[in-house]
Structures are given as C-alpha cells and as structure tokens.
Amino acid sequence: MGSLTSLTLKEIKELVRDPKILFGVVLMPLLLFPVMGSAIQVSQQSVEKAIVTSTFAVYTEDSGVVASTMLDYLETNRTVTVIQADSLTQAIAQFQGTTSNAMVYMPSGFSDNVTAGVKGNMIIYGNVKNMNIAETQSTNVVGTLVNIYSYYYSLARIENLLQAAGEAANPDAIRTPISINYQSIIKGTVLNISPDAIISVVMNQSIMLPIMIMVMVMFAIQMAATSIALEKEQKTLETLMTLPVGRLTVLGGKLTGSIVIAVAGAIAYMIGFGYYMGSAMSFTQFSTVNLGSAGIGIQPVGYVLLGLNIFVTLVSALALAICLAVFADNVRSAQSLTGILIVPIVIPAIILMFSDIEMLPPTFQWILLAIPYTHSILASKAAFLGDYWTVLRSIAYISVFTVVVLYAAAKIFSTERIITARFTSKSLSGLFRKRQE
Amino acid sequence: MTDAIVVSDLRKSFGNIEALRGVSFVVRENEIFGLIGPNGAGKTTALRIVSTLISPTSGRVEVFGHDVVKEPDKVRGILSYLPEEAGAYQYLSGMEYLRFMAEFYSHDRAETDRMIKNAEEISGLGERLRDRVNGYSKGMKRRLLLARALMMKPRLAILDEPTSGLDVMQAYHVRESIKEYSDKMGVTILVSSHNMLEVEYLCHKLALINEGVIIAEGTPAELKERYNAINLEQAFMEATQLG
C-alpha cells in the first residue's frame, strides 16, 4: 500500500471512529433535518386542518337581498354562526366568545347600495386570540369567499344590463377587458412562462448549490483542523514527522482524508436537508416549469466545471485550515482558530443567495470579489445559467489562491514550525504588550 | 566500529533562550549511548535535532554519514524515534497502529507481517493489541510505542525518556525489552533519561548534559571512577559542581 493511501485510510479511520465527528458531521444532519421537517409538516397539517374546519360568524344589520344571498352562499361553504345583537359593539363582544376566527359585518343599507350600483362596504373582523397563522388564514378565506360572490354578482349585473341595452357581449370581457399573457425570452428562446415563475424556479434550484458548497467547505475546515489538532493532542505528530515519508505526502494524506469525510458529511447534510425541504415545504405550490429547453439548469460541461470549482474551493479551505490549526495545541483551540474562516465563507454565500453581485454598491462588490469563496458561489450560479467563462474565471482565481495557501501549508510542514508553532492567549497578550511599548 | 552519530558544536536557540550551547559527542554503531541530565538540560532538543524534527541554529549532525539538515529523508529512512510524550492514535487498535507504521518501512506484506510479529514480542501485549488504544493504560501505551520504534530493526533508535511516568513493573519491562533487543539485533540506541540508575544499567557510554553543555562523557564505570562516586547520580552532582 502506498504511503499516501496508508495515511489517507488512517485519517478516515481516526475521523470516522471519533464519536463527536461521526455524530456531528454524518449522523446529526441525517437525523436532525428529517425530525425538523416532520415537525414543521405536522405543524402545517394542523394549521391546514384548522383553516378547513374553521367557522365564521356573521352579523348583519341589513336584511336586503344581497345580504341574504351572501349569507346563504357563506353557509353553503362553511359553518356560519349568525350573531343576533342590538349593536355592533354587542356583536363584537359576542363574537369574541365564539370559536370563530372571523366575523363578517354587513351594515344597514349594504344591499341597497350594491343594487343601486354604489359600492357596498362590509367589514371582516379577525379574532386574533393566539397569534397564529390559522387565525389570519381563516380571515383570508372569508375574504376570498366574499370576492368570489362579488365576482359572480357583478357578472350577473353586467349580463342584465347588456340584455336591457340589447347588446350581445361577454360579461367577463366587459368586467376585465384586458388579459395579459406574460412570456419570457431567455438566450433568444421565447418561453410561454412568466419571468416571475422562471426566477422562482431558478431560485429554488440554484439556492441549493451555494448552501451545499458552504456546508461542505465548513465541514472540510473542521475536519482538517481536527485532523491536525488530534495529532498534537494525542502526541503523535512528532512520530509522524520522523517517518520515512515526505512531509508533502503527510499533508496530502490529511487533505484527502478530510475531503472524504467532508464530502460524506455534505452528502448526509444534503440528504437530510432535501428531506427537510420536501417535508417542510410540502404545503407550498412549487412551480413545475421545465427550463432545460432554454439552456437553464446544469448541463454536463457545467457539472464538470462545477466539480472542479468545488474541488479547488475545498482544497484551498483545507490548506488554510491546516495552516491555522498548526498553531493550536488541541482540537478545541484548533476549531476556535479555524472558526475565523467561517466568516469569509458564510457572508458571501448568504449575500449571493438572495442577490446578484452587480446589484451591490461598487465598494462592497470589490470587497466580496476579493474573497476567494465569493467566486465559488458565483461559479455555481454561473454554471447553472450556462455562463462558463465566469465559471472558468472563478476557478482560475480560486486556483491561484489555493496554490498560494498550499505553498504556505507545505512550507509549514517542511520546517520545524509544524512542531514548534504555538498560538496561545499568552503569545497574543505578549504581542499587544510589544505594540503598546 | 563505524560512527553512527557524529554531533559537532551543536547550538540551538529558541528566541532568547539558548537550549544547546556547543554540544559535541559521537555514538558508535551497535552502542547504547545515554544522554543524561536534569529536566531542561537540552536532552530532548538534541534528540529532536538528530531525528530531523527541528533544525540546529549552528553546528552539524551526521547519522551514518548523512547530514540531518541536508539529507533528512535519508536519515528518516534509517532511524526510529520515540518521543518522551508520544501517543498513539486512540481510535485505532494496537494492531492497526503497528501495521500503519510498519507499512512506511516495509516493501511487501510479508515484511510488514514480520515487523508486526516482532512488535508483538517486544510489547508483550498479546491479545490486547486487538483493542483500541484509547482503552490502554499508560504503561501499555508506552510498550506499544517502544515496540513500534524497534519492530523494523532500525539502524538507529532514538528513545527520549523511554520509562518516564511508568510504574516500577512497566519501567522494568521496557528497560528489559530495550536491552534484550539491542543485544539481539545489534541496533544502535541513543537514549535520554534523568534516571541515573536506568542509564547505568542500559548504556555502554554516557554524556552528562547540563544547561545545554556536555559536562562529562565516558562509560558508566569511567565516570564513577573519574568523580570518585559510588553511583552515576553522585558522579553527575560532582561533575555539575566542578563544571
């Protein structure tokens, strides 16, 4: 077995057999996300059930035909409690004592106004007792039912007026004379889909890539830092450094072992997160628009470039983590030190998840562009949109950064700093004292 | 007899602290050479330089004719180093740890198996080698590490405080293993210790080191005679006062 293979296998065994890593990196996402998703699903189902079975109250001071037919219409769709009261104040007091979430109030003269062609005003009261979604949604359901009644009532009125005028026309076309059909042009192809729907699909699909990259890089950093710190904590580093194997092979073994565990962690995370999204978002109506025909979505070339992008990103983050972890004495301090790296990884990922780099102020753009991990996110978005030049440019930038960091890591590994380097709170305070002097 | 280690005017500074101040000594092949002195005398620093872990500030060290600074890879191929506070990978079994280490020195599986068999004999851990290292006592760990250091029959074994922190029984077992292995295999051993009785029992030749300087060198008998002492402890005290 080659030295690199031996070292890599040892790294993997050590990391996988550490219960903290096995549980925290691999098992936790597989357990936590599905549990979270199921909890949200149960909660959403309860809300839906509460909305479907919710009852309404109606208090009307009007006994005209519109109010009566409206009440009949509401009663055929839901359980309605008609409130008998002498005044609105009394009705509101009674309404608060019911289990209904919404109360429709039709004032005196409501029907006369509507039949006379004047707008009839009604009020829908929402009984917000527990501050939950079911309460507001129930109020919206009543509003929707009233709007449906309103639509058909207006169609009937228009039809009557047309008959009286002796005109033959479509009442719906008179009520809504202009119909808009939104279409989108992408890379010269006209699609019968609104831009909103496209953006919604692109966001839903492309948002996963930055999350995946961010999570994988963070896992990899933790793995690499732990791997080096474990050597120091277990006092095995000195022995390792006197073995007849190149220091760069030792570095290579650490990088490879960390990448393997990080990828396993990221896969576990994505499976867990996928299940979470599937169960937590099951109540929402996602668009099923297929954008593949417009060249949107990752094509085979894009997959290759994306893989390359993720690989160089991982290697650079690992090398950076190793450079920092060398200065720590144990796993805890290594993880604290490498925690600094989370900032330049998470911030670009979060910003670019929701906005485009060109929408940001120029200074902010340059700051973000200077951070190599911004390019990882940019490349993933560009690969999705088939903009391969941007992907290649990003890969080139990260690669240059990776080479610099690897060179630094190799330097540290090939000198006695790997053994003697220490970064303690004492050395920090010493540094500050020197500055003050 | 050829020279296994030649150390000439070795100096090492860590910032303002001078750990070694012109140390010179020679270790012959097949010899057990002891570097003895109190804590902080510079023993570990000297051993770390010989085993290519750290570089000297000045001076020269050769191991079987190879310069430790210019040819570290060649030196690492012929030596085996056991650090004072060494540990083993806690999530590997003793056997997995030995196999992992043996594979760096062996050319084929048969050779690896031979090395592991040697290690089983040296450590005397038997079936416990199949257990994970995190279940070992301190003494068991040290025996495993000593077995790791000697199993491949290195031309030079560097053992830093091999019995440090061990109880009488474990220390005895470790000392016996070193002595027996060296006699049987003819391995050159450079050992450091602050236990004078231990080095008197183990070593053919000694160098007394204090505050980064070699203050006396010779066989245990020569040193006792030179300082008219009944044991090495007394000889060391005399040498320190005279120095």
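Me: Which strands of chain B does helix 1 of chain B lie across?

Reply: This is a predicted model, in which local features need pLDDT of at least 70 and side-chain atom pairs count only at pLDDT 80 or more, while totals for chains, interfaces and linings use all residues. Residues are numbered from 1 along each chain as its sequence is written, chains are lettered from A and ligands numbered from 1 in the order in which they are written. Helices (H or I, at least four residues) and strands (E, at least two) are DSSP runs, numbered from the N terminus. Helix 1 of chain B lies across strand 3, strand 7 (156-160), strand 8 and strand 9 (205-210) of chain B. Helix 1 of chain B runs at about 150 degrees to strand 8 of chain B; such angles run from 0 to 180 degrees between N-to-C directions, and axes are lines fitted to C-alpha atoms, for helices over the stretch in contact.

Me: In what order do the strands of the sheet with 6 strands in chain B stand?

Reply: Strands of a sheet pair through backbone hydrogen bonds, either parallel or antiparallel. Two strands count as paired if DSSP finds at least two bridges between them. In chain B, 6 strands form an open sheet in the order 6-7-8-3-9-10, with mixed pairing. Strand 6 (79-82) and strand 10 (213-218) of chain B are at the edges, each with a single partner strand, so one side of each has no neighbour in the sheet. On average, neighbouring strands of this sheet are turned by 15 degrees against each other, direction ignored.

Me: How many bridges pair strand 3 with strand 8 of chain B?

Reply: Strand 3 (residues 32-36) and strand 8 (residues 188-193) of chain B pair in the parallel sense over 5 bridges. Ile36(B) has Ser193(B) in strand 8 of chain B as its bridge partner.

Me: Which strands stand at the edges of the open sheet of 4 strands in chain B?

Reply: The 4 strands of this open sheet in chain B follow the order 2-1-4-5, and their pairing is antiparallel. Strand 2 (17-28) and strand 5 (66-67) of chain B stand at the edges with a single partner strand each, so one side of each is left without a neighbour in the sheet. Strand 1 (residues 3-14) of chain B is joined to strand 2 of chain B by 9 bridges, and Asp3(B) stands opposite Arg28(B) in strand 2 of chain B. Helix 1 (residues 43-50) of chain B packs on the sheet, touching strand 1, strand 2 and strand 4 (58-63) of chain B.

Me: At what angle do helix 5 and helix 6 of chain B pack?

Reply: Helix 5 (residues 138-150) and helix 6 (residues 168-185) of chain B pack at an angle of about 10 degrees, with their axes 10 Å apart. Angles under 35 degrees count as roughly parallel, over 145 as roughly antiparallel, 65 to 115 as roughly perpendicular and the rest as oblique. Helix 5 and helix 6 of chain B are therefore roughly parallel to each other. Among the residues that meet are Leu146(B) in helix 5 of chain B and Val174(B) in helix 6 of chain B; residues are in contact if their C-beta atoms, placed from the backbone, lie within 7 Å.

Me: How many residues of chain A are in contact with chain B?

Reply: 21 residues of chain A are in contact with 22 residues of chain B. Helix 1 of chain A gives the most to the side of chain A that touches chain B, with 6 residues.

How values were computed: Contact = placed C-beta atoms within 7 Å.
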